[in-house]
Amino acid sequence: MSLLRGKSGAITMGLIGYLFFVELVSGIIQGYYIPLIPDLVEHLGIRDADFNWFEAAQLLLSAIVVPILAKLGDMHGHKRILLVSTVLTAGATWWLAFTGDFTSFLIAWALQGFYVVWLPLEVALIFDRGRATGSGASQTRRAAGLLVVALEAGAIMGALGGGRIFKVFDENVQQTLMIPAIAVTIAFFVILFGVPESKPLPGRSLDFWGFVILTIGLLLITSGLTFLRINGPGALWVYLLMLAGVATFIPWGRYELRQKDPAIDLRMLRDPSMWPIQLTAGLVGISLLGAQAPLATFAGTDPINGYGLGMESDEISYIIGAYLVSMIVGALLFPVLSKRKSPRVALIVATFFVATGYLMFLPFHDTVLSVFLNMSVAGLGSGALVGALPAAAAAAAPRGQTGIATALTNTTKTLGGSFASAVFAIVLVAGAASAVTETASSLLGYLTVFTICGVGALVAAVLLFLVPKLAFADVVDDIDELVPAIETDDKV
């Protein structure tokens with residue numbers, strides 16, 4: 001048995017090597033454009049505020065397409081859909097390099113968001129490969145940690161390289177934007193030739209109308225949150241939009257419970273090992289996706305307002321870099337703690353780190369060192385959770401549902417981040433009247449943001465206490481599958 005486990009481990013590490021590169025590219029995409037934003041605004045002839053539409057469009061797309069693609073991965077093979085999403089991402093990234101008007105750039109930027117499904121599909125693929133050996137859960141946790149390392153390392157490389165490459169190309173926008181397009185294209189061939197296919201269950205069907213109704217609901221909610229951030233709390237029609245989105249889930253839920261192969265298995269979500277994970281993803285998404293802009297503006301605020309660090313953009317990048325590095329450390333430590341204690345305990349510890357990091361802002365926010373420490377503590381927990389949540393969802397899911405289960409952690413995280421972005425924008429704008437400088441908010445506004453992030457993580461920790469103690473442990477699904485699974489691995 002140890003020999004078989006050794007073979008399985010070797011094959012899995014070979015697989016992780018290819019997926020490591022794919023996530024490295026994913027990180028590069030996420031970090032590369034950030035230092036180029038002022039130049040892209042000038043290139044497109046738009047205002048700084050218009051760039052928010054690009055982020056909003058990509059979030060809308062990812063919230064809608066990720067569950068659908070993940071379900072197709074469960075049906076037809078995760079590698080196949082990973083290739084499809086990579087082709088779409090590559091096409092959109094090349095389009096970005098060769099377009100110069102706002103509308104085309106907006107569409108291409110939104111379509112580039114197909115990369116968001118990469119990590120859920122990779123986690124599902126890894127878990128599927130290890131399921132028959134009885135070590136799928138632990139292997140997936142270790143692999144997910146390494147993939148997060150690649151993701152964050154790629155983000156650092158992208159953030160540091162984007163501006164420098166722009167200078168090397170004599171500030172030629174087209175040539176600069178071709179670099180990430182080349183990287184995504186290479187990633188396609190890495191997946192094509194290096195990644196083995198998973199083993200989907202036969203006889204599956206796509207619940208078309210289930211996904212249509214789900215898409216309508218998600219579109220109404222996420223667009224409502226986007227317009228709330230843009231139009232402010234006074235626009236009553238925005239609340240009606242979101243309310244209509246929430247109401248859509250009532251007939252959708254009834255419809256899904258009648259389906260033999262539903263778009264999303266609601267009975268699976270009722271499992272005590274699953275629903276706390278999905279809610280945790282949404283609550284942690286508040287800080288993971290919603291708090292980054294407030295943190296940057298807080299660090300850059302002139303201390304004349306009675307708070308802030310007065311840091312320049314290049315100095316702020318050091319704090320962001322420290323946060324990303326701490327996320328890498330957290331991702332590496334999570335499987336170690338899971339092995340020594342349990343995955344459930346490790347998840348609880350990670351959420352407490354996120355809560356502690358943000359709540360530390362309440363008393364300690366006056367110096368660069370205190371902000372640095374706060375972000376490092378929060379980063380440890382965030383880095384662990386980015387990979388651990390989809391891995392836990394995969395372990396809690398029944399066979400044939402791993403892709404959709406891991407993808408839902410991304411969808412709920414996106415919804416949490418969209419909600420937080422809208423609320424934080426309103427909170428900070430409301431506090432701007434009491435600030436000294438024209439563009440600043442109030443200290444109370446920022447402390448409210450940090451409190452929401454911290455309390456959200458605390459609620460997540462409480463929910464995780466409800467997870468069964470032995471959840472996410474290694475289990476052999478079917479001993480008859482062991483030999484075929486190893487034979488397939490040996491051919492990789």
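Mentor: Start with Asn172, which caps the N-terminal end of helix H8. One of its side-chain oxygens lies 3.1 Å from the backbone nitrogen of Gln174. That falls under the polar-contact rule: a pair of N or O atoms within 3.5 Å; within protein, one must be able to donate a hydrogen and the other to accept it, and residues adjacent in sequence count only if both atoms are side-chain atoms. Helices here are DSSP runs (H or I, at least four residues; strands are E, at least two), numbered from the N terminus.

Keep in mind that this is a predicted model: local features need pLDDT of at least 70, side-chain atom pairs count only at pLDDT 80 or more, and totals for chains, interfaces and linings use all residues. Residues are numbered from 1 along each chain as its sequence is written, and side-chain values use heavy atoms, with hydrogens and water left out.

H8 covers residues 173-194, 22 residues in all. From first C-alpha to last it reaches 32 Å, close to the 32 Å expected at 1.5 Å a residue. The expected span is 1.5 Å times one less than the number of residues.

Its buried residues include Val173, Thr176, Leu177 and Pro180. Further along, Val184, Ala187, Val190, Ile191 and Gly194 are among them too. Buried means under 20% relative accessible area, exposed over 50%, partly exposed in between (1.4 Å probe, protein chains only). An α-helix has 3.6 residues a turn, so residues three or four places apart point the same way.

Now the wider chain. It has 19 helices and 0 strands. Of its 492 residues, 56% are buried. Take contacts (heavy atoms within 4.5 Å) between residues at least 6 apart in sequence: 81% join residues at least 24 apart.

Aromatic rings give examples. Rings of Phe, Tyr and Trp (its six-membered ring) pair if their centres lie within 6.5 Å; planes under 30 degrees apart count as stacked, over 60 as edge-to-face and the rest as tilted. The count is 19 aromatic pairs. Phe249 and Trp252 form an edge-to-face one, 5.7 Å centre to centre with 85° between the planes. Both sit in helix H10 (residues 236-257), 3 residues apart, so about one helical turn separates them. Phe249 is partly exposed at 23%, whereas Trp252 is buried at 7%. Phe361 and Phe450 are stacked, because their ring centres are 4.1 Å apart and their planes at 20°. Phe361 lies in the loop between H15 and H16 and Phe450 in H18, so this pair ties together parts 89 residues apart in sequence. Both Phe361 and Phe450 are buried.
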